[in-house]
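Here are a few notes to read with the structure open beside you.

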Amino acid sequence: MKSYFDIQGDGGSNVVAQVEAQLEAIQSALAGVRFRVAVGSGKGGVGKSTVTMALAQALRAGGATVAILDADFNGPCQAHLAGLTAAPWVPGARGLSVPRRPDGIGVVSMGSLVPADRPVSLETVSQGDEHVWRSTKEFAFLGQLMGSLDWGSLDYLLFDLPPGAERSVQFADFLPADTLFALVTVPSDVARGVVARSVAALEAAGADMVGYVENMAGYYCQDCDEIKPLFPAATTPIPLPLLGRIPFDPALAELCDRGWPEAESQDRPSAQAIEAVAQNLVLALEGRRS
Ligand code: ADP
């Protein structure tokens with residue numbers, strides 16, 4: 001795991017000890033987690049957060065224990081999707097307790113702490129290279145957060161990553177080495193091209209990728225009970241196994257906006273598609289372990 005650390009306080013003289021302490025804290029906090037899956041995409045707005053929450057729901061419905069860590073500090077939306085916008089992390093016996101939905105899915109998101117009309121701002125120490133410092137601070141904070149939370153025993157911890165190939169690579173460097181990546185795209189050549197670039201960048205960084213999900217693969221028309229085309233047919237290849245295709249379903253968008261108060265109706269093609277993606281993901285993950 002690459003080292004991101006808080007270099008404030010002691011002028012950097014004790015950096016190695018800080019890094020080692022943080023890595024140890026993260027490893028110990030995540031010791032009870034069976035699979036870590038980072039859900040990313042080179043492209044924004046393709047439904048990465050929606051797919052992450054939908055997968056969490058499908059895995060939970062199958063009896064698994066699941067939590068989500070919203071690693072998108074600039075645009076955190078998992079708290080909203082989970083209906084946990086006012087659910088701060090409070091100290092418990094073994095660290096900060098992970099806020100949970102009534103169905104048991106744990107969700108850690110900056111959106112639970114910072115009101116939706118405010119930006120998440122991290123203190124920066126330099127003007128000229130502000131973006132570099134911001135990224136360093138972000139990872140330092142993320143590391144502290146991961147190591148301070150009481151994740152307990154989990155089958156799956158899903159990371160909802162910020163968009164961008166470069167960001168995905170930073171996370172591949174930062175997250176524990178056995179984290180598996182799943183990418184999300186929409187079926188346009190533009191999006192597939194950007195995601196194919198992310199695959200190349202992640203491959204070069206040595207990340208292990210289990211496959212990709214094609215979201216918004218057609219539009220589910222409830223009145224005609226049919227999936228209609230949404231994007232023109234695309235041909236750009238993505239060199240990963242396809243985990244499944246999820247149609248755009250207005251009922252799913254509405255569930256997201258309402259904080260997903262109930263499970264999606266199993267009669268809908270979107271729910272069946274999500275279930276199939278979850279099953280393929282589980283097969284791919286188990287395959288990595290055998
Ligand atoms: P990203 O995380 O990639 O930025 P989001 O998951 O936030 O994208 O999705 C963007 C918007 O599209 C949200 O309003 C979400 O509800 C909606 N959306 C995503 N996928 C679907 C889908 N399959 N059906 C209906 N709405 C969807």
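1. Let's start with tyrosine 156. Setting aside neighbours within four places in sequence, tyrosine 156 is in contact with Phe35, Leu59, Ala64, Thr65, Val66, Ala67, Val282 and Leu285. Keep in mind throughout that this is a predicted model.

2. Apart from the core that tyrosine 156 belongs to there is another one, made of 38 residues, including Val33, Leu69, Val98 and Val108. As for the largest nonpolar core, it has 43 residues, and the ones touching the most other members are Tyr156, Leu158 and Leu285. As background, nonpolar side chains in soluble globular proteins tend to be buried together.

3. Next, a pair of helices. Helix α5 covers residues 165-174 and helix α6 covers residues 189-204; they pack with their axes 9 Å apart, at an angle of about 25°. Angles under 35 degrees count as roughly parallel, so α5 is roughly parallel to α6. Their crossing is right-handed.

4. Which residues of α5 and α6 meet? On the α5 side they are Ala165, Ser168, Val169 and Ala172, and on the α6 side Ser198, Ala201 and Leu202. Sorted by type, the residues of this contact come out as five nonpolar, two polar and no charged.

5. Is α5 mostly covered or uncovered? Mostly covered: seven of its 10 residues are buried. Those are Arg167, Ser168, Val169, Gln170, Phe171, Ala172 and Phe174.

6. Serine 168, in helix α5, is worth a click. Its relative accessibility is 1%, and because buried means under 20%, serine 168 counts as buried. Not counting residues up to four places away in sequence, serine 168 touches Ser41, Leu161, Phe181 and Leu202; Leu202 is also one of the α6 residues in the helix pair above.

7. Last stop: alanine 58, found in helix α2, residues 48-61. Buried or exposed? With 14% relative accessibility, alanine 58 counts as buried. Leaving out neighbours within four places in sequence, its contacts are Ile274, Glu275 and Ala278.

Notes: Residues are numbered from 1 along each chain as its sequence is written. This is a predicted model: local features need pLDDT of at least 70, side-chain atom pairs count only at pLDDT 80 or more; totals for chains, interfaces and linings use all residues. Side-chain values use heavy atoms; hydrogens and water are left out. A nonpolar core is a set of buried Ala, Val, Leu, Ile, Met, Phe, Trp, Tyr and Cys residues joined through side-chain atoms within 4.5 Å. Buried means under 20% relative accessible area, exposed over 50%, partly exposed in between (1.4 Å probe, protein chains only). Contact means heavy atoms within 4.5 Å. Axes are lines fitted to C-alpha atoms, for helices over the stretch in contact, and angles run from 0 to 180 degrees between N-to-C directions. Helices (H or I, at least four residues) and strands (E, at least two) are DSSP runs, numbered from the N terminus. Angles under 35 degrees count as roughly parallel, over 145 as roughly antiparallel, 65 to 115 as roughly perpendicular and the rest as oblique. A crossing is left-handed if the near helix is turned anticlockwise from the far one by less than a right angle, and right-handed if clockwise. Ala, Val, Leu, Ile, Met, Phe, Trp, Tyr, Cys and Pro count as nonpolar, Asp, Glu, Lys and Arg as charged, and the others, Gly among them, as polar.
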